[in-house]
Amino acid sequence: MRNADRFRLSWAVTLAFTIAMLTGLLIVTRDLGITSDIFEDGVVQAQTLDKTTDKALDGARQLPSATDAAQQGLPEVVGIIDSLTSANQALATLGDQLAALDVTLTSADAPLAGTIAAGREAGGQAGAAVDPLGGITATLNDANANAQTLGRKLDETLTLSQTIDQKLRIALLLPKIGN
């Protein structure tokens, strides 16, 4: 092999190694960039995890007081449940009573219809009784006026009776003079 061919061959080999090395550097640089991005993402996730852990620890510190509050409120919750149970039983009893009332009202429909018909008939007969009722009304009005007059006289009598009673009580308290 001649020198020129060797020289070309060495340049070709050198160029191939240079290209291979540059390609390797580019691949390593790209991998370092990806690794750097992954590392930065890992740092962000670690910071998020740290904050979440701090919040969880703060929450864990508050658990005893929350547990105490829940235990203190438990009797009231049980009382409410008892009240709701009683209310449920009362509503069930009321439902039974309403069902019985429904049966009673259903059975009363026919007699009630008869009563309404009789009431209408009685209304017609009552219309015929208007004139005699007018006379009765006038008599009752006179009796009312007389009762009011009598009431006033009874009030006056009561007042006089109370006055006499007071004077007699005073007279009984005073000592006797003479015989």
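Thr-29 is exposed, with a relative accessible area of 51%; exposed means over 50%, buried under 20%, and partly exposed in between (1.4 Å probe, protein chains only). The model is predicted: local features need pLDDT of at least 70, side-chain atom pairs count only at pLDDT 80 or more, and totals for chains, interfaces and linings use all residues. Residues are numbered from 1 along each chain as its sequence is written, and side-chain values use heavy atoms, with hydrogens and water left out.

Thr-29 sits in helix 1, residues 3-128. Helices are DSSP runs (H or I, at least four residues), numbered from the N terminus. Between Thr-29 and Val-13 the sequence separation is 16 residues. Their C-alpha atoms are 24 Å apart.

One aromatic pair was found in a search of the whole structure. Phe-7 and Trp-11 form this pair, in an edge-to-face arrangement. Rings of Phe, Tyr and Trp (its six-membered ring) pair if their centres lie within 6.5 Å; planes under 30 degrees apart count as stacked, over 60 as edge-to-face and the rest as tilted. Both residues belong to helix 1. They are four residues apart, about one turn of the helix. Phe-7 is exposed, at 52% relative accessibility. Trp-11 is also exposed, with a relative accessible area of 52%.

Leu-98 lies in helix 1 as well.

Conventions:
Helices (H or I, at least four residues) and strands (E, at least two) are DSSP runs, numbered from the N terminus.
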